[in-house]
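Visitor: Please take me through one part of this model in close detail. What packs around it, and how far can the model be trusted?

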Amino acid sequence: MFRQAENDFGSLIQATSGHVVHGGAQPPAGHALTIATLLICWWTLVETALDFVTGNGNWDFASAIAANLIVGIAGLAVVMNVRFAREIFAFICGVGILALGSGLPLAFGDSLWIPLISLVDCGGKLGFLVFACAPPHENGRRALSL
């Protein structure tokens, strides 16, 4: 029963994941994907420091630390080629872009620094999504690898 489901959905899973998984191990991430992931992890550390400086209360700071910790752990899992880490990190990046990007034009009226910080965050996450969703070449490597 499970073998039949694997045969039926195998091509769908390979087509939607963008890469072929052989023997449970993912092919190594391209250099561009690794650099984009590490830049996002580095930027979460910068944001954590900025949240500490501009934090209004203990709960705001605690929730920002928890969110940045989740992003950092998922990003490091991508660098270490943990199974399904790219998909989870891509989801986190997509949700972050939708959450921050929708209010970004309105935030420029209040201040200049906070929207610029959010713009850098959205740009880094968008860069990761571009590299993660790039179609592979015939040799198995990504088309947009550095």
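Guide: Helices here are DSSP runs of H or I, at least four residues, and strands are E runs of at least two, numbered from the N terminus. Buried means under 20% relative accessible area, exposed over 50%, and partly exposed in between, with a 1.4 Å probe and protein chains only.

This is a predicted model: local features need pLDDT of at least 70, side-chain atom pairs count only at pLDDT 80 or more, and totals for chains, interfaces and linings use all residues. Residues are numbered from 1 along each chain as its sequence is written, and side-chain values use heavy atoms, with hydrogens and water left out.

Start with geometry. Helix 4 spans residues 85–107, 23 residues in total. Its first and last C-alpha atoms are 32 Å apart, close to the expected 33 Å; that expectation is 1.5 Å times one less than the number of residues. Helix 4 bends by about 25 degrees at glycine 101. The bend is the angle between axes fitted to the seven residues ending there and the seven starting there. Proline 105 follows within four residues.

Now the packing. The buried residues of helix 4 are Ala85, Arg86, Phe89, Ala90, Ile92, Cys93, Gly96, Ile97 and Leu104. Take phenylalanine 89. Beyond neighbours within four places in sequence, phenylalanine 89 contacts Thr37, Ile40, Val71, Ala74, Gly75, Val78 and Phe128. Contact means heavy atoms within 4.5 Å.

Phe89 and Cys93 are also among the residues with the most contacts inside the largest nonpolar core, which has 16 residues. Such a core is a set of buried Ala, Val, Leu, Ile, Met, Phe, Trp, Tyr and Cys residues joined through side-chain atoms within 4.5 Å. Helices 2, 3, 4 and 5 each supply at least two of its residues. Helix 4 gives the largest share, six.

Lysine 125 counts as buried because its relative accessibility is 8%. Lysine 125 and glycine 96 are 29 residues apart in sequence, yet 7.7 Å apart C-alpha to C-alpha.

Last, the record. An unreviewed UniProt entry places "transmembrane region" at residues 61–81 and 88–107. In the model, residues 88–107 are 100% helix and 0% strand, with end C-alpha atoms 28 Å apart.

Notes: UniProt positions renumbered as here; feature names shortened; annotations may be inferred.
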